[in-house]
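These exercises concern the interface between two chains. Work through each task with the structure in view, then read the solution.

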Number of protein chains: 2
Amino acid sequence: MPSRSIRTPGIKDVAALAGVSASTASKALNDTGQLRAATRERVRQAAEQLGFTPDSRGRALASGRSFTVGLITTDSSGRFSIPIMLGAEDALSAGEMALVLCDTRDDPLREQHYLKSLVSRRVDGIIVTGRRTEAREPIDVPIPVVYAFSPSTDPDDTSVIVDDHGGAASAARHLLSLGREQIAHVTGPESHLSAQIRAAATMGAAREAFVGQPLYGEWSERWGRHAVDVLLRAQPTVDAITCGSDQIARGVCDRLRELGRSVPDDIAVTGYDNWSVMALASRPPLTTVDMELEELGRRTANLLLDVIAGSPRRGQLILPTRLITRESTLGT
Amino acid sequence: MPSRSIRTPGIKDVAALAGVSASTASKALNDTGQLRAATRERVRQAAEQLGFTPDSRGRALASGRSFTVGLITTDSSGRFSIPIMLGAEDALSAGEMALVLCDTRDDPLREQHYLKSLVSRRVDGIIVTGRRTEAREPIDVPIPVVYAFSPSTDPDDTSVIVDDHGGAASAARHLLSLGREQIAHVTGPESHLSAQIRAAATMGAAREAFVGQPLYGEWSERWGRHAVDVLLRAQPTVDAITCGSDQIARGVCDRLRELGRSVPDDIAVTGYDNWSVMALASRPPLTTVDMELEELGRRTANLLLDVIAGSPRRGQLILPTRLITRESTLGT
């Protein structure tokens, strides 16, 4: 462990080692002033020898910027916000910006506390993300903000969201292209916007091949297993089931296997999320829709950098999903 | 979106609204100087009306501290480091410290880049975490560092780790207390320290009830299913299987059910991790060992604050695990 007595070498240490004044050392390292090349070089070598790192806080204060971005998340379990955060961090670190994490745990008081703290730290911008696709109230800060995954209710704000409609439609079209003629849909709670949109998109894309009504339930394997029993009573000749999540799809596959129905020979199944511990561990592995959340995080961060640079793009940016095909529709 | 023209109100705006000089306004807000109570109150009201937030960077520069901590993680999938990060963030934010996220993606060059950037930002300390329990080389920075989950190879560094030995032993003792007499162990790769320690601890705690040798394989459901076939050929009368992860245990339960063996009536099963999507979705839900990683993150952050305050605790702090009992050992 570094002892408290080992302090970060400062410009004075560099100057002393190089045998120059602190102001000369500073000029040498900043490539300013009129110095002989040999002096500049001697200072540079001294800085390298001491492991001197310039204090970026001075630059930050002088520029009026902190080179820091705050990320507000309401999603402490993090299944959606963690990849968004990692993508944003990746894009920001490439531009020497740091990402400060603020996990509000869905508590409005904590959110207010964090906003005050971020404003007080003079962060250059804020990314706001959540775990639902429903729009959320905008935050009120005098700093650039971009919303990711959960858009702002204000259409003039900048929000980056997933094309859930296109994602669900791509799964249905894939099944049609494989010759499936009776497509059902099993999804999460009807109160969730993402469940509604995915159901509507599936019906729209499957058209006359869609059978029955969307089966709304919960985002769980248990519901997927139960829904198979409900569905097969009502639609015994169904040959494809699109699901609103990989968890549901995994439960659907498990129950079909227990009933002796082959996936995909008898019934093809698709998931949604491309959550690897579900999609790959499923028997068979799932054809599913990847929301590309890490890329969404990168795009969000780059849009925020544009706003910070004074070139805001207003409104919603809707990013495409990607269909990943595996054995649950293609077979082995 | 906040327009670029809406700038953060400054001390001069507060002073103008209150009808005092900027230096008087500053004294009023900092509770310094000799001012009349009425003046102080008028400045405070002006600050509140404008939503003025003091610039904490000034305090940071004056104190020589940045009130910021960096978190270096090598684990971008994040199953272990995310809860540690959230726990650390929780503990730090309570003390008005910000957590800066640095995801190295297991790339030593990225790690070096981040370390330079954190030193340049004058962070007050660094938390280093990873996804393996093997010790790692210490990082070389003139700043306080605490290691979480993956300890430093230097025994003088401060590291906070999980009591894997105690965790695995608690599962075996639980099975003994339920009267199980033939306990087997199925786990991940023998090259992983965590697999070795959990296997040794299980054998030590089960003593004469342990049957055969630990079955090493991979951290997957597929291996759990396969291991059941291997195990039942060699030890047909086994009445308990302890597993090195929840994924393995879930595969074990699935395969036992397919073979018509009841869990726990015929064979009790335990997992490790208390990873809810595995432990709760398993049929039946898993008795498992919770490593309490969020608490580990909190303890790490608090230890780092102690080091920053000049009271370092050197060496390894080993935190206890918690056994969570569910239907896979207790039945319904």
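A salt bridge here is a side-chain nitrogen of Lys or Arg within 4 Å of a carboxyl oxygen of Asp or Glu. The model is predicted: local features need pLDDT of at least 70, side-chain atom pairs count only at pLDDT 80 or more, and totals for chains, interfaces and linings use all residues. Side-chain values use heavy atoms, without hydrogens and water, residues are numbered from 1 along each chain as its sequence is written, and chains are lettered from A in the order in which they are written.

**Exercise 1.** Find how many salt bridges cross the interface of chain B and chain A, and check one of them.

*Solution.* Applying the rule across this interface gives ten salt bridges. One example joins the side chains of A:Glu258 and B:Arg283, at 2.7 Å from N to O.

**Exercise 2.** Describe the side of chain B that touches chain A.

*Solution.* Begin with the contacts (heavy atoms within 4.5 Å): 72 residues of chain B meet 72 residues of chain A. Next, sort the chain B residues by type: 30 are nonpolar, 14 polar and 28 charged.

**Exercise 3.** Work out how β2(B) pairs with strand β2 of chain A.

*Solution.* Strands are DSSP runs of E, at least two residues long, numbered from the N terminus. Two of them pair if DSSP finds at least two bridges between them. Strand β2 of chain A, residues 98-103, and β2(B) are antiparallel, with three bridges. In one of these, A:Val100 has B:Val100 as its bridge partner.

Methods. Nonpolar A, V, L, I, M, F, W, Y, C, P; charged D, E, K, R; others polar. Helix = DSSP H or I, 4+ residues; strand = E, 2+ residues; numbered from the N terminus.
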